[in-house]
Amino acid sequence: AHAGRSASLRRTLSVLGGLVLTAAVGTVLTAWLAGPEAVRLVFGPSYDLSRAVTVVVAGGVAAYLLGSVGNDLAVALGRHTAVAGAWVAGVAAAAAAYALSPGLVARATVPMIVGSTVAALVLTARVVSAVRPVLREARR
């Protein structure tokens with residue numbers, strides 16, 4: 001019985017991970033291909049952001065997406081304390097990035113990508129550590 005549940009869990013996590021990574025990469029790629037043009041189209045010609053800035057903003061959004069999905073998986077697995085710790089670590093990293101970032105644009109963009117990436121990495125580690133024993137048990 002465990003083997004079937006383990007295979008289903010592995011398949012579900014693989015599909016979910018693939019979809020989230022595809023969305024994250026697609027977000028950054030879209031920003032690279034059409035970011036400045038999209039900003040001008042939506043906000044008007046007076047908003048002129050460089051391609052690099054739109055890619056960094058999209059990277060922050062993509063990192064947050066990964067962290068958000070990791071957050072939901074960790075909660076579903078009962079790792080509530082890990083969720084709080086991950087976002088505290090993310091906020092601390094974002095604060096450090098803000099303090100170290102030169103200029104307004106960097107202070108407005110870099111902390112989101114840094115903080116969200118830290119939270120996403122911590123949450124991914126917690127999800128993997130929660131799921132690994134289930135997958136090992138099913139192999140026995």
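These legends describe close-up views of a predicted model. Because the model is predicted, local features need pLDDT of at least 70 and side-chain atom pairs count only at pLDDT 80 or more, while totals for chains, interfaces and linings use all residues. Residues are numbered from 1 along each chain as its sequence is written, and side-chain values use heavy atoms, with hydrogens and water left out.

**View 1. The largest pocket and its lining.**
The largest pocket has a volume of about 540 Å³, and of the 23 residues that line this pocket, Gly17, Leu73, Thr124, Val127 and Val128 are the closest to its centre. On a 1 Å grid over the protein atoms alone, a pocket is an open set of points where a 1.4 Å probe fits, with protein on both sides within 12 Å along at least five of seven lines, and lining residues have an atom within 4 Å of a point. Grid points are joined across faces, edges and corners, and the volume is the space filled by probe spheres set on the points. Helix 1 (2–43), helix 2 (51–76) and helix 4 (104–139) each supply at least two residues of the lining, and the largest share, eleven residues, comes from helix 4. Helices are DSSP runs (H or I, at least four residues) numbered from the N terminus. By residue class, the lining divides into 14 nonpolar, six polar and three charged residues; Ala, Val, Leu, Ile, Met, Phe, Trp, Tyr, Cys and Pro count as nonpolar, Asp, Glu, Lys and Arg as charged, and the others, Gly among them, as polar.

**View 2. A nonpolar patch on the surface.**
Leu41, Val42, Phe43 and Tyr47 form a nonpolar patch on the surface, with about 500 Å² of accessible area together. Such a patch is made of residues with over 30% relative accessible area and no salt bridge, nonpolar side chains (Val, Leu, Ile, Met, Phe, Trp, Tyr) being joined within 5 Å, and the areas come from the Shrake-Rupley method with a 1.4 Å probe, where for residues only the protein chains shown count as cover. Valine 42, found in helix 1, is exposed because its relative accessible area is 60%, given that buried means under 20%, exposed over 50% and partly exposed in between (1.4 Å probe, protein chains only).

**View 3. The salt bridges.**
The structure holds two salt bridges, each a side-chain nitrogen of Lys or Arg within 4 Å of a carboxyl oxygen of Asp or Glu. Arginine 51 forms one with glutamate 37, the closest N and O atoms being 3.2 Å apart; this pair links distant parts of the chain, with arginine 51 in helix 2 and glutamate 37 in helix 1, 14 residues apart. Arginine 51 is partly exposed at 31%, as is glutamate 37 at 36%. In the salt bridge between aspartate 48 and arginine 40 (2.9 Å, N to O), aspartate 48 is exposed at 58%, whereas arginine 40 is partly exposed at 29%.

Glycine 103, in the loop between helix 3 (80–100) and helix 4, is partly exposed with a relative accessibility of 34%. Leucine 104 lies in helix 4 and counts as exposed at 65%; its C-alpha atom is separated by 48 Å from that of alanine 7, 97 residues apart along the chain. Alanine 119, also placed in helix 4, is buried at 0%.

How values were computed:
Patches are made of residues with over 30% relative accessible area and no salt bridge: like charges are joined within 9 Å, nonpolar side chains (Val, Leu, Ile, Met, Phe, Trp, Tyr) within 5 Å.
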